Amino acid sequence: MRYLLILLVFSLISCKNEREVKAHESASTEVQKSDLEIVDFKGLEKYLSTNTDKTYIVNFWATWCAPCIKELPYFETLNKKYSDKNVEVILVSLDFPHVYETKLKPFIAENNLESKVVVLNDMDSNTWIPKVDKSWSGAIPATLIFNKEERVFFEKAFTYAELEHEINQFLK
Amino acid sequence: MYKLKIFTVIALFMSVISMAQSGYKVGDIATDFSLENVDGKMVSLSDYSQSKGFIIVFTCNTCPFSVAYEDRINALNKKYVSKGYPVIAIMTNNPAASPGDSMEAMQARAKAKGFTFPYLMDKGQHIYPKYGAAKTPHVYVLQKAKKGNQVKYIGAIDDNYQHPDSVNQKYVENAVDALLEDQPIKETHTRAVGCTIKI
């Protein structure tokens, strides 16, 4: 009986500890998650048009998309090189929520991404894809370039030269 | 003469653009094919004399969206093969550009996931451009008509790639059910995010 009592006490203690650890873990993931800006399409729409004199390049990508990863450095270079020309790159990640912590955040950190990253999590793709551009099939990479007057959309992977050519059309 | 040359170049350029955007629209007659299955046999639409139509799924091993839909594609075949609409999956990617999509890898995946439908290699990548598949997964529902296999639906499998339990619209099932009941298909064209085809 005594042993049973001791066992009970111990198990209660260990239960309590476990619960504390879990509470602590979930609190820390909350903090980490807040680092990513996760939006639905309504939340993304403000990044898809402008009234200012700025030119925006919005690139849709994901860590699982090989051609996206290949062209990502070009967008980064452009963002740096053209920052004084009122150009801003926004990288819209379409990664799955279960990889936000395990793949997306490490990828952003490892590659020192300086462009703004917004994560789109909106299941109703049949509704939002044509709102980005009527011609878009939904394949990525895809890129939108716009200012307050013009807007062009590309469902393709870029080379740096092609990308620079397109942005220069806007800055003329 | 110079003008003519420019005109020719422009005309050629335009035809290249229109070729790049070509592909079937709803109502078009889809081509048949003869492609190798994971069991080594060649498969054509004309082999299916008893079927009423087909659920053609352009897909691959390596795209996370395709992988997310594997069980649902299997379920589609199980549900509709006996009703006359078998699933035929066609792997679109060039294995040289995407080694995870080799015939061996396709065989391994088909075995591991217990695919109940043919999983064909689009060798030389001649078939998916004719259909106009732009990504994986990309579905074409065909119905047998006098003229051939007519395209009835193009697009996504359903409206939630992440959670099968949270699907609101089963686009492909709705389309095939409508065909089986001889009713008009409400949504004949839908869009979803997918992976580019590796060439």
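Modeller: A salt bridge is counted when a side-chain nitrogen of Lys or Arg lies within 4 Å of a carboxyl oxygen of Asp or Glu. Please keep in mind that this is a predicted model. Lys148(A) and Asp53(A) meet the criterion, with their closest N and O atoms 2.8 Å apart. Lys148(A) lies in the loop between strand 6 (142-146) and strand 7 (151-154) of chain A, and Asp53(A) in the loop between helix 2 (41-44) and strand 2 (55-61) of chain A, so the pair ties together parts that are 95 residues apart in sequence.

Colleague: Are the two partners, Lys148(A) and Asp53(A), buried or exposed?

Modeller: A residue is buried under 20% relative accessible area and exposed over 50%, with partly exposed in between. Lys148(A), at 44%, is therefore partly exposed. Asp53(A) has a relative accessible area of 59% and is exposed.

Colleague: How many salt bridges are found over all chains?

Modeller: The search of the whole structure returns eleven. One of them joins the side chains of Glu70(B) and Arg109(B), at 2.7 Å from N to O. This pair links distant parts of the chain, with Glu70(B) in helix 2 (residues 64-80) of chain B and Arg109(B) in helix 3 (residues 103-113) of chain B, 39 residues apart. Glu70(B) is buried at 6% relative accessible area, whereas Arg109(B) is partly exposed at 23%.

Colleague: Which residue forms a salt bridge with Asp71(B)?

Modeller: The partner is Lys113(B), and the closest N and O atoms are 3.2 Å apart. Here too distant parts of the chain are linked: Lys113(B) belongs to helix 3 of chain B and Asp71(B) to helix 2 of chain B, 42 residues apart. Lys113(B) is partly exposed, at 33% relative accessibility. Salt bridges may also share partners, as in the network that joins Asp35(A), Glu101(A) and Lys105(A).

Colleague: Which residue takes a positive phi in the hairpin of strand 8 and strand 9 of chain B?

Modeller: Gly148(B) does, with a phi near 145 degrees; the hairpin has four residues between its strands.

Colleague: In what order do the strands of the open sheet in chain A stand?

Modeller: The order of the six strands is 1-4-3-2-6-7, with mixed pairing. Strand 1 (37-39) and strand 7 of chain A stand at the edges with a single partner strand each, so one side of each lacks a neighbour in the sheet. On average, neighbouring strands are turned by 20 degrees against each other, direction ignored. Within the sheet, strand 3 (residues 87-93) and strand 4 (residues 116-120) of chain A run parallel and are joined by four bridges. Leu91(A) stands opposite Val117(A) in strand 4 of chain A.

Colleague: Which residues touch the most other members of the largest nonpolar core?

Modeller: In this core of 89 residues, they are Leu44(A) and Phe60(A). Helix 5 (residues 171-180) of chain B supplies the largest share, six residues. Leaving aside residues up to four places away in sequence, Leu44(A) touches Val39(A), Phe60(A), Val92(A), Val118(A) and Leu120(A). A second, separate core has 21 residues, among them Phe54(B), Phe58(B), Ile90(B) and Ile197(B).

Colleague: What area is buried between chain B and chain A?

Modeller: The area is about 1700 Å², and carbon and sulfur atoms give 60% of it. The contact takes 19 residues from chain B and 22 residues from chain A. The count of salt bridges between chain B and chain A is zero.

Technical notes. Residues numbered from 1 in each chain as written. Chains lettered and ligands numbered in written order. Predicted model: local features only at pLDDT ≥ 70, side-chain atom pairs only at ≥ 80, totals over all residues. Heavy atoms only, no water. Pairing = 2+ DSSP bridges. Helix = DSSP H or I, 4+ residues; strand = E, 2+ residues; numbered from the N terminus. Buried < 20%, exposed > 50% of the residue type's maximum accessible area, 1.4 Å probe, protein only. Core = buried A, V, L, I, M, F, W, Y, C linked by side-chain atoms within 4.5 Å. Contact = heavy atoms within 4.5 Å. Axes fitted to C-alpha atoms, helices over the stretch in contact; angles between N-to-C directions. Buried area = accessible area lost by both parts, 1.4 Å probe.
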